[in-house]
Amino acid sequence: MNAHVFRLPRGLGGLGLAAALLAVACHRSQGDPAAENAEQTFAAVCAKCHGADGKGGVPAAEGANPPRNFCDASFQASRSDEDLKQVIRKGKGGMPAFGNLFSDAELLALVHKLRCFKPASKGH
């Protein structure tokens with residue numbers, strides 16, 4: 001059998017693997033203290049502006065941009081994990097800076113939580 005028959009176009013194999021790993025990882029929060037802590041932190045701190053569903057909310061002030069919608073596929077695709085960590089640490093626009101309130105491990109868990117919001121499909 002020809003090995004090239006089952007080969008995905010360059011880059012698609014890794015993309016599929018990354019999506020599969022993310023899907024599995026998003027469902028393993030039970031029993032994982034870092035993930036459970038990120039869930040609690042998001043609910044207590046982040047959800048006030050971004051909503052419990054991660055879809056954002058109303059602007060903090062008239063004329064300001066609304067909080068980010070973590071379910072927006074283009075937002076998710078255009079930010080690296082490092083970008084998200086830096087915004088949490090330093091703030092941006094209406095997003096307050098949390099400085100060193102979170103350890104590197106806590107930041108990573110929070111970013112992972114943000115990545116677990118299911119991007120909305122087009123047309124919905």
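How many disulfides does the count come to? The count comes to zero disulfides. This holds for a predicted model.

**View 1. The cysteines form no disulfides by the rule used here.** Start at C49. Its closest cysteine sulfur belongs to C46. The two sulfur atoms lie 8.8 Å apart, which is too far for a bond. A disulfide would need the pair to be within 2.5 Å. C49 is partly exposed, because its relative accessibility is 45%. C71 has a relative accessible area of 6%, so C71 is buried.

**View 2. The whole protein is built from five helices and zero strands.** Read from the N terminus, the elements run α-α-α-α-α. The protein has 124 residues, and 26% of them are buried. Now take the contacts with a separation of 6 or more. Of these, 41% join residues 24 or more positions apart.

**View 3. Helix α2 bends at A43.** This helix covers residues 33-50. The bend is about 45°. Which residues of α2 are buried? They are A35, A38, T41, F42, C46, A47 and H50. Helix α5, residues 104-115, is included in what covers them. Follow the chain to the end of α2. Just after the helix, G51 takes a positive phi of about 80°.

**View 4. C46 is a buried residue of helix α2.** Its relative accessible area is 18%, so C46 counts as buried. What does C46 touch, leaving aside neighbours within four places in sequence? The partners are T41, G51 and L110. M95 is 49 residues from C46 in sequence. In space, the C-alpha atoms of C46 and M95 are 10.0 Å apart.

View 5. K113 sits in helix α5. Set aside the neighbours within four places in sequence. K113 is then in contact with A38, E39 and F42.

**View 6. Helices α4 and α5 cross at roughly 115°.** Helix α4 spans residues 81-90. The two axes come within 10 Å. The crossing of α4 past α5 is right-handed. From α4, the contact uses D81, L84, K85, I88 and R89. From α5, it uses D104, L107, L108, L110, V111, L114 and R115. How do the contact residues divide? Seven are nonpolar, none are polar and five are charged.

**View 7. D81 belongs to helix α4 and takes part in its contact with α5.** D81 is partly exposed, because its relative accessibility is 37%. Leave out the neighbours within four places in sequence. D81 is then in contact with V111 and R115. L114 lies 33 residues from D81 along the chain. The C-alpha atoms of D81 and L114 are separated by 9.5 Å.

Definitions and conventions: Residues numbered from 1 in each chain as written. Predicted model: local features only at pLDDT ≥ 70, side-chain atom pairs only at ≥ 80, totals over all residues. Heavy atoms only, no water. Bend = angle between axes of the 7 residues up to and from the residue. Helix = DSSP H or I, 4+ residues; strand = E, 2+ residues; numbered from the N terminus. Buried < 20%, exposed > 50% of the residue type's maximum accessible area, 1.4 Å probe, protein only. Contact = heavy atoms within 4.5 Å. Axes fitted to C-alpha atoms, helices over the stretch in contact; angles between N-to-C directions. Left-handed = near helix turned anticlockwise from the far one by under 90°. Nonpolar A, V, L, I, M, F, W, Y, C, P; charged D, E, K, R; others polar.
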